Amino acid sequence: MVLNPVLGKLVSKRVVLASASPRRQEILTNVGLRFEVVPSWFKETLEKSSFTAPYEYAVETAKQKALEVANRMHVKHLRTPDVVIGADTIVSVDEQILEKPVDKQDAYRMLSRLNGKEHSVFTGVAIIHCHSKDNQLEMDITDFYEETKVKFSELSEELLWEYIHSGEPMDKAGGYGIQALGGMLVEYVHGDFLNVVGFPLNHFCKKLAELYYPPSKHNVQRKKYDSIPSVDTFENQSDGESESSNFTKQKGASKLDSSGTYSSEAVYASENSSGVRTGFTVPLENQNGVSQSAAKLPSKILELMDGFRASKALFVASKLKIFDHLKDKGPMKAVDIANDVGTSVCGTERLLDACASLGLLEKTPQGYSNTDSANTYLASDGKYSLHGYIIHSNDHLWPLFTNLESAVKEGSRQNHRAFGKKADDLFKDYYHSQEVKQRFMSAMHSIAHLTARDVATAFDLSQFKSACDLGGCTGALAHELVQVYPNLKVTVFDLPEVIANTSYFQPSGQHTAPVTFVSGDFFKDSLPEADLYILSRVLHDWPDEKIHVLLSKVSAVCRPGCAVLLAEMVLDDEKKNRSTALLQSLNMLVQTEGKERSGSEYQALLEQHGFTNVKIRITGNLLDVILCVKT
Ligand SMILES: Cc1cn([C@H]2C[C@H](O)[C@@H](COP(=O)(O)OP(=O)(O)OP(=O)(O)O)O2)c(=O)[nH]c1=O
C-alpha cells in the first residue's frame with residue numbers, strides 16, 4: 001500500500017495515541033497503525049483570549065494533551081513511549097471557538113450559530129518523540145494544524161432539536177458529527193473530511209514523511225511534499241536518506257532473516273529540515289547484501305502472515321494468567337514468573353519478550369510489567385476485561401478457524417470437525433458442559449461490557465419505559481441501560497440454561513433492581529411485553545429464514561410506536577471496507593448458520609415485519625446500532 005512506507009516507520013515503535021476519541025482511533029487503525037490508547041487527562045481550559053488565532057489554541061491543546069500523557073507514562077508508570085500523538089478539534093465561527101457542548105441547550109446555541117453559514121474546523125496535532133536519558137524524559141515536539149471549511153444549510157428549529165435529541169452532538173466539537181446524522185446538515189466541505197472527524201490523516205502522513213525522509217540537498221527541488229508521495233517517490237526518498245551525510249549508518253548491522261522479517265535494525269539520528277531532531281530505525285540489507293527499504297516490503301502481507309502467531313502469544317499469556325500475575329506489581333524477572341506459573345524459563349522468556357514487542361507488556365532492565373492496557377483489558381478481573389473472550393477465542397474459535405478451508409468449500413459451520421460432534425442447535429455446543437457454558441458466557445459478558453455504553457447511548461432511548469433484551473445473556477447491556485436511563489425497566493430474556501447461571505455476573509450494589517431475568521426460547525415461547533425490544537448480537541447467528549420467524553414474533557407483540565434496537569457489526573453496503581466486520585462474518589461461517597449483514601440488508605429484513613424509520617448509527621466500537629419503529 002502506498003502509505004505504508006510512511007506509517008511503516010512507526011511499526012517498530014511504541015506509539016501512544018493520547019486521545020479517547022473513537023474516531024481518531026478508527027482513522028489510525030484503518031490505515032494499519034498499531035498503537036496503544038492512553039487518553040489524556042489534560043483539561044481543555046487554556047485561556048482562549050490569549051491566542052491570536054483559533055488554530056493556535058487547537059495546536060497548543062493538542063500539545064498539552066500529548067505532553068501530559070508522555071510525562072505521566074514516564075513518571076508514574078515508568079514507561080517511556082517512543083511516540084505520543086495528541087490532537088484537538090475545534091470549530092471556529094465569527095472568530096469564536098466552539099468545543100464540545102456541555103448540554104443540549106449549549107448544543108442548540110452552537111448549532112444555531114452554525115446554521116446557514118460557513119465555518120472552519122481546525123484540528124491541531126502534536127507528534128512527540130520521546131527518549132529516556134539517565135531517567136530524564138527528553139522530547140522532540142512536532143506540531144501542525146489543518147483547516148477544513150464546512151457550510152451548513154438553512155435548518156429549521158425542529159430539525160435542529162430533532163438532531164440534538166439524537167444524542168449525537170454531545171461529544172463532538174461544534175455539536176455535530178459530519179460522519180453520521182450531522183452529515184445531513186452539511187451543504188459542502190472544502191478540505192480534508194477526516195480533519196473534521198478529528199484527525200487530518202493526509203497532513204499527518206506528510207509530516208511523518210518530512211520527519212522520516214528529510215529531503216537532502218540533491219533532491220530538495222525534486223521532492224515537494226505537497227501531496228503524499230507515491231511508492232516510486234518513496235523509493236527515491238530512501239535513496240535520499242542514504243545520501244544525507246549527517247546520518248551515522250551502521251552498515252551490515254541489519255539483515256532480513258530467512259522468514260523475510262528483520263533480524264535487527266540500524267539506528268539513524270538526524271536533524272530534519274525544520275531543525276527537529278529525529279531518531280528512527282531503517283532496515284539496511286537483506287541476506288544477499290542487497291539494499292532494502294521498508295517501501296519494498298509487502299509489510300501488510302507479512303503482518304497478516306504473522307497475525308496468528310501474535311494472536312496465539314496473546315492467548316497463551318492469557319491462559320497462563322500472566323497478566324493477572326503482573327497486575328499492579330512492580331517489574332518481575334522471567335525466571336520468577338516462570339516459577340510462579342509453572343512453566344519453563346526459556347519458553348516463558350520468549351513469550352514475555354514477544355508480548356512486550358507487541359505492546360502488551362513493558363520490558364525494562366528490572367523485568368516485565370503490565371502496560372495500562374494489559375491491566376485494563378487483559379487481567380481477568382477488571383470491568384472491561386477481555387479475558388473471557390480471549391479464552392473463548394483460544395478454546396473455541398481457534399479450532400473452528402483451523403477448519404476455515406472446509407467451511408469455505410462447504411459453505412457451512414465446522415463444529416463437527418473441530419469438536420467431533422454435530423449439534424442440531426447452535427447453542428447446544430456451548431451448553432453441553434458447565435465449563436464451556438461458563439466460558440461462553442464470560443466471553444459474551446466481556447464484549448457486552450466493552451460495547452454497552454456506546455450501544456446504550458447511540459440513540460436517545462429516554463422515551464421508553466420498558467425494554468426486553470432478547471438473548472441478553474448475563475445482563476451486562478441491561479445494567480448499562482438502567483444506569484443511563486434510570487426510569488427504564490429492563491427484562492433479560494434468555495434460555496433457561498443461561499438464566500440459571502447469570503448470578504455470577506451481576507454487579508453488586510443497588511443498580512440491580514430494575515433488571516429482571518426471564519427464561520425462555522425466543523423462537524418458541526411467548527415474549528415479555530415491552531416498549532423496546534433489543535437484539536444484540538442475535539441476528540448474526542441466524543439465516544434469513546430464522547430471522548423472519550423471530551422478527552414476526554417480535555412484530556406480533558410490538559405495539560405501534562414501540563421499537564426494536566439491533567446491536568451488530570454493520571457491514572458497508574459494498575462489503576469491502578470494514579475488515580473487522582467482514583472477518584467476523586467468516587467467524588459466523590465457521591460456527592453458525594448466520595452472517596454479518598449490511599445496513600440495507602437489516603433494513604430490508606426489518607421493513608418486511610412492519611418496522612420503519614430505520615436509523616443506523618456506526619459507533620466506532622465493536623457493535624453498531626440500528627433503531628426502528630413499529631408502524
Ligand atoms: C466537527 C466534528 C467533530 N468530531 C469530534 C472529533 C473529536 O473527537 C471531538 C472534538 O473533541 P476533542 O477535544 O478534539 O477530542 P475528544 O474529547 O473526542 O478526545 P481527546 O480529548 O481525548 O483527544 O469532536 C466529530 O467526530 N465529527 C465532527 O463532524
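Student: Which residues does Phe204 touch, not counting residues up to four places away in sequence?

Tutor: Contact here means heavy atoms within 4.5 Å. By that rule, Phe204 touches Leu7, Leu10, Leu28, Ile85, Val125, Ile127, Phe144 and Phe199, leaving out residues up to four places away in sequence. Keep in mind that this is a predicted model: local features need pLDDT of at least 70, side-chain atom pairs count only at pLDDT 80 or more, and totals for chains, interfaces and linings use all residues. Residues are numbered from 1 along each chain as its sequence is written, and side-chain values use heavy atoms, with hydrogens and water left out.

Student: How many residues are in the largest nonpolar core?

Tutor: First the term: a nonpolar core is a set of buried Ala, Val, Leu, Ile, Met, Phe, Trp, Tyr and Cys residues joined through side-chain atoms within 4.5 Å. Buried is under 20% relative accessible area, exposed is over 50%, and partly exposed is in between (1.4 Å probe, protein chains only). The largest one here has 46 residues, and Ile85, Phe152, Tyr176 and Phe204 have the most contacts inside it. Helix 7 (residues 201-212) gives the most to this core, 6 residues; helices (H or I, at least four residues) and strands (E, at least two) are DSSP runs, numbered from the N terminus. Another core lies apart from it, with 36 residues, including Ala374 and Met441.

Student: What is the strand order in the open sheet of 7 strands?

Tutor: Strands of a sheet pair through backbone hydrogen bonds, either parallel or antiparallel. Two strands count as paired if DSSP finds at least two bridges between them. Here the order is 14-13-12-15-16-18-17, with mixed pairing. Strand 14 (515-519) and strand 17 (611-617) are the edges, each pairing on one side only.

Student: And rings: how far apart are the centres of Tyr55 and Tyr145?

Tutor: Rings of Phe, Tyr and Trp (its six-membered ring) pair if their centres lie within 6.5 Å; planes under 30 degrees apart are stacked, over 60 edge-to-face, the rest tilted. Tyr55 and Tyr145 are stacked, at 4.0 Å centre to centre and 15 degrees between planes. Tyr55 lies in helix 3 (residues 54-75) and Tyr145 in strand 6 (residues 136-152), so the pair ties together parts 90 residues apart in sequence.

Student: What lies over the face of Trp398?

Tutor: A charge sits over a ring if NZ of Lys or CZ of Arg is within 6 Å of the ring centre and within 35 degrees of the ring normal. For Trp398 that's Lys312, at 4.5 Å from the ring centre.
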